[in-house]
Protein chains: 2
Amino acid sequence: MRGYGAALPGTAAAPGCPDTATGGLRGPDGLRALTEVALDALAGGTAARGGPLPAGGPEGVAARVGPVCDPLLPEHGIGARTALYEIVRAVAEGAADPGHPWCAGHLHCPPLAVAAAAELAAAALNPSMDSWDQAPAATVVEERVTAALARLVHPDRPRPDALLTGGGTESNLVALLLARERAGRRGARTVRVLCGANAHHSVHRAAWLLGLPAPVTVACRAGRMVPAELDRALRGAEGPALVVATAGTTDEGLIDPLPELAEITARYGAELHVDAAYGGPLLFSERLAERLRGIGSAVSVTLDLHKLGWQPIAAGVLAVADTGLLEPLSARADYLNAEDDTEAGLPDLLGRSLRTSRRPDALKIAVTLRALGRAGLGALVEHCVDSAEGLAARIDTHPGLRRRPGPVGISTVLFRPVAADALPGARGDACVAAVRRRLLEEGRAVLGRAVAEDADGRPALWLKTTLLHPQAGPADFDALLDLVADTTSADGPDPG
Amino acid sequence: MRGYGAALPGTAAAPGCPDTATGGLRGPDGLRALTEVALDALAGGTAARGGPLPAGGPEGVAARVGPVCDPLLPEHGIGARTALYEIVRAVAEGAADPGHPWCAGHLHCPPLAVAAAAELAAAALNPSMDSWDQAPAATVVEERVTAALARLVHPDRPRPDALLTGGGTESNLVALLLARERAGRRGARTVRVLCGANAHHSVHRAAWLLGLPAPVTVACRAGRMVPAELDRALRGAEGPALVVATAGTTDEGLIDPLPELAEITARYGAELHVDAAYGGPLLFSERLAERLRGIGSAVSVTLDLHKLGWQPIAAGVLAVADTGLLEPLSARADYLNAEDDTEAGLPDLLGRSLRTSRRPDALKIAVTLRALGRAGLGALVEHCVDSAEGLAARIDTHPGLRRRPGPVGISTVLFRPVAADALPGARGDACVAAVRRRLLEEGRAVLGRAVAEDADGRPALWLKTTLLHPQAGPADFDALLDLVADTTSADGPDPG
């Protein structure tokens, strides 16, 4: 077969690099054999771990992983099979594994096997999405993926478009960048960014990166942006403004009141960006899409399919209401998109990203969307949302736990041991933090942490579970709830 | 086995998502079976292609790939196996395949099988590098990788450090960002960036992104920055300045005179960043490392291991002379690195990247470095450099081709058909461009294009071959050279 190093006539192995050392390039046999090694190492490491994460904390993990990396760059290599098996096994054994339901502390999903398998193909073929002649077919796949996602977000617009990004952070960065450039083209010196106190830290980081003034923070109540506060913030100020709303806050999974915010934003001639990194995939569900009503009025929307889309990282998306909005990203580099090449019909990909070399994240997304369809993905989203409701109900009847008052945000449930409530404010919070760390240290569970308003309106620290496991149900958490209630901190203040 | 959805007691399949539809999560059996599907599709698509890229140009490829993506988001999915096989096969058949030696137009490498297999493990485990409790063991692996690469670049510094990035473009962005922040902390309003006319476009793009003045372009001669011109550009100007030199230009593979540039930069109190995205891996070779003499005086250095490091994209690196230089990246987000968690010993990873969710690119790099060792990687680099020299010699004796005068840059060889030389300047260049496009259209070869000085000092357009194939030798290109010499353009001016 042509196209593979080992079988190519006249192709000699490089000196010092016999085929047995590297496994060759990726002739089907070499790659197949090494893939088996990786799968065996994954299975072995996962079995040895036996739970959601390893015990022993950072020092314990370092002590076990260190030896298989020592030295990391030896003078002479130890061979492909040994290096691959040892390191993958150690990383699997030492993983915080979102495939285990009790690994539920972050927007960190267990990827679908079909998406992981597609990643292998992407890695082996290695198309680079910065020019057509590095990725002829992958270019077509990416076009279809971005078109489908753009229509999902902005079904009523004639020319919606979308970009693939490294994640919500990059999507928010590009959104602010585009707003800055629009402002500049209208002769403004800068753009004011306004976001809720509940916004993701990446909004602030993007403004810093882009040399914009720090975003104006709009007050929230019970975790959601208050429309009247946005109105006040926009009133009287001059010049272009971008309002960043959140659909699925990191801490609580809450969705800002998008229709009201959109109306106010439009009234002041400002523009709306919605960070729906978490909540965006609600659009796959007929039943739940309603929760995102108003999102279509946003000029740009951030989505992360490595959250409620079950993709391996990275699978970020920035959807825009009109393809013309992406024009400020256009760039020229003669080796990639010379004018005469573009005129001759070679697609110009450079304006589709801030990156240059770029991996084909579209491949796994395409395979997943085709494999599951909108209804299939919608069912998985609904499963997580329903599981969170079920978990909340179980917490509400658990004598040792108290849930944060109010509705469940998408698939995020906040709660704390009642033992912590018995302690005064700061000590109670310290107890919650210590419980979380103890569960981590002992390798029992990955729970998150979030500061959120308690019933009295005051901030308190909560344990956070973010349910992204498409097969785990509420009953899978019963033993975890008991464990949390029973865990007192060894290194924090005594909750008793 | 605990930790895998299907085998977990009490774990029911999600409604609407039977295991047969999604392949489950990644229980060893589900993932193994789908991996086989992906490998079969890769092999089938590659065999059907039979060459370095598909024939038919963008329209032909779209016509063949489109049907397997139509519709991309059906209401009901078509199942994991079918979607995976069809799309991967189409992408493999329609790939520009760097595993074929005649796919040599870009810094687009054929990845090592061992690195691709490691990517499968990364995708299946899905650690996210923004907090320790999403990636306990992967955190250790990344620490070791960055430490090893930092020492490779800055062996004489007491506290060198490195970050992993999405590629050279992001590395250059972070380098300019760090320079901007250093300038700001010294009370300067901005930092002046100076780079050669040969610099990668990402330097200009980074300055734009960061709100910096456009970089000052320093003149080059024969593709390399002229020290006296840098001296002139720095003389008399005030305030902090960052000089960006290139070690391995995209067009010609040339290395700027680093020792002279470092000396001048230091004399004016400016700082030096070296974009060694292409050339950095020369450091793996005892024989070739000398070509990068002076790189150790750079405050920061860009490396891409998805070029001369045979990694699947992304494997970018930014090495810095001292870990303290990274301080401006530190960020706080309570859900990821709350102060009390950091005090309790949980590693703070947020300052290691501009991204938040972040895939473990360290895993494949770690496996590769351990598998091949410094000598093994050095041998691969030497093989490419030697192959380029051999190719240049063959072009020099080919009656139908003319090589760009001057030395070979790393592994890049520029040449053009003598038929193009017979035409006046612009028409000759158009002929060269048309030959390239015709080879692409016919699916015969991926050659690059570069404008570079001819013997008379005037710019001319050349065909570019960048040799990154660690197993192909000069003889593999003989038939390609004949093909180029014989190809006249169908859509450009007649070269005869």
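I took helices (H or I, at least four residues) and strands (E, at least two) as DSSP runs, numbered from the N terminus.

**Set-up.** I worked on a predicted model, where local features need pLDDT of at least 70, side-chain atom pairs count only at pLDDT 80 or more, and totals for chains, interfaces and linings use all residues. Residues are numbered from 1 along each chain as its sequence is written, chains are lettered from A and ligands numbered from 1 in the order in which they are written, and side-chain values use heavy atoms, with hydrogens and water left out.

I searched the whole structure for cavities and found 12 of 30 Å³ or more. On a 1 Å grid over the protein atoms alone, a cavity is a set of points where a 1.4 Å probe fits but cannot get out; a pocket is an open set with protein on both sides within 12 Å along at least five of seven lines; lining residues have an atom within 4 Å of a point. Grid points are joined across faces, edges and corners, and a volume is the space filled by probe spheres set on the points. The largest cavity comes to about 330 Å³. It has 19 lining residues, and A:L173, A:L354, B:E170, B:L173 and B:L354 are the closest to its centre. I noted that α8(B) supplies the largest share of this lining, five residues.

**Open space.** The largest pocket has a volume of about 820 Å³. Its lining counts 46 residues, with A:A197, A:N198, A:A199, A:T250 and A:D251 closest to the centre. β12(A) gives the most, five residues.

**Helix α13(A).** I checked residues 361-396 of chain A, a helix of 36 residues. In α13(A), 29 of the 36 residues are buried, so the rest of the structure largely encloses it. Buried means under 20% relative accessible area, exposed over 50%, partly exposed in between (1.4 Å probe, protein chains only).

**A:L258.** I placed A:L258 in helix α10 (residues 258-267) of chain A. At 1% relative accessibility, A:L258 counts as buried. Its C-alpha atom is 43 Å from that of A:Y335, 77 residues apart along the chain.

Methods: Expected span 1.5 Å × (residues − 1).
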